[in-house]
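Biologist: I would like to learn how to read strands, cores and contacts in a model. Please take me through one, feature by feature.

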Amino acid sequence: TVWSAWHPSREMLVSCSYDNTARVWEEQVAGAVDDWYSSSTLSAHSATVWSAAFSPSGAHLATVSADRALVIWSRAPGPPTA
């Protein structure tokens, strides 16, 4: 993991990686057990994803890569879209 960012109001984390992706992690609570799972993999970059940040509302996520691209992702219901 290169960098990570927390969602402003939900139990959600985004991790950036050397494999050119960012992963969205969400908390799954089953009884008394907390567990985290990867709910989606964001693949739009052609080089290491260095950083990510949620908008203040959490509706959008920005990722920045060594490919010199900034991608804005929508957090509408379902998998994020670029």
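Biologist: Which residue in β7 is the bridge partner of T63?

Modeller: V71 is the bridge partner of T63 in β7. First, the ground rules. This is a predicted model, where local features need pLDDT of at least 70 and side-chain atom pairs count only at pLDDT 80 or more, while totals for chains, interfaces and linings use all residues. Residues are numbered from 1 along each chain as its sequence is written, and side-chain values use heavy atoms, with hydrogens and water left out.

Biologist: What counts as a strand, and what counts as a pair?

Modeller: Strands are DSSP runs of E with at least two residues, and they are numbered from the N terminus. Two strands pair if DSSP finds at least two bridges between them. Here β6 and β7 pair in the antiparallel sense over 5 bridges. Strand β5 (residues 49-54) and strand β6 (residues 60-65) also pair in the antiparallel sense, over 5 bridges. Across that pairing, A52 stands opposite T63 in β6. F54 stands opposite L61 in β6.

Biologist: Which residues take a positive phi in the hairpins?

Modeller: Take the hairpin of β5 and β6, with 5 residues between the strands: G58 takes a positive phi near 80 degrees. In the hairpin of β6 and β7, with 4 residues between the strands, R68 has a positive phi near 70 degrees.

Biologist: In what order do the strands of this antiparallel open sheet stand?

Modeller: The order is β5-β6-β7, with 3 strands in an open sheet and antiparallel pairing. β5 and β7 stand at the edges with a single partner strand each, so one side of each has no neighbour in the sheet. The twist averages 20 degrees from one strand to the next. Such angles are taken between axes, which are lines fitted to C-alpha atoms (for helices over the stretch in contact), and run from 0 to 180 degrees between N-to-C directions.

Biologist: And where do side chains point in a strand?

Modeller: In a regular strand they alternate between the two faces of the sheet.

Biologist: How many strands form the open sheet that starts with β1?

Modeller: There are 4 strands, in the order β1-β2-β3-β4, again with antiparallel pairing. Its edge strands are β1 (4-6) and β4 (33-42), each pairing on one side only. Neighbouring strands are turned by 25 degrees against each other on average, direction ignored. β1 and β2 pair over 3 bridges, in the antiparallel sense.

Biologist: Which residues touch the most other members of the largest nonpolar core?

Modeller: A nonpolar core is a set of buried Ala, Val, Leu, Ile, Met, Phe, Trp, Tyr and Cys residues joined through side-chain atoms within 4.5 Å. Buried means under 20% relative accessible area, exposed over 50%, and partly exposed in between (1.4 Å probe, protein chains only). The largest core has 13 residues, and V14, L42, A52, F54 and L61 touch the most other members. At least two residues of this core come from each of β2 (12-16), β3 (22-30), β5 and β7.

Biologist: How many salt bridges does the structure hold?

Modeller: It holds 1. The test is a side-chain nitrogen of Lys or Arg within 4 Å of a carboxyl oxygen of Asp or Glu. R10 pairs with E26, and the closest N and O atoms are 2.8 Å apart. R10 lies in the loop between β1 and β2 and E26 in strand β3, so the pair ties together parts 16 residues apart in sequence. R10 is partly exposed at 43% relative accessible area. E26 counts as buried at 13%.

Biologist: Which residues form the nonpolar patch on the surface?

Modeller: Patch members have over 30% relative accessible area and no salt bridge; like charges are joined within 9 Å, nonpolar side chains (Val, Leu, Ile, Met, Phe, Trp, Tyr) within 5 Å. V64, L70 and I72 form the patch, with about 260 Å² of accessible area together. Areas come from the Shrake-Rupley method with a 1.4 Å probe; for residues, only the protein chains shown count as cover. I72 sits in strand β7 (residues 70-74). I72 is partly exposed, at 45% relative accessibility.

Biologist: Is Y18 buried or exposed?

Modeller: Y18 counts as exposed, because its relative accessibility is 54%. Y18 lies in the loop between β2 and β3. Y18 and V2 are 16 residues apart in sequence, yet 6.9 Å apart in space, C-alpha to C-alpha.
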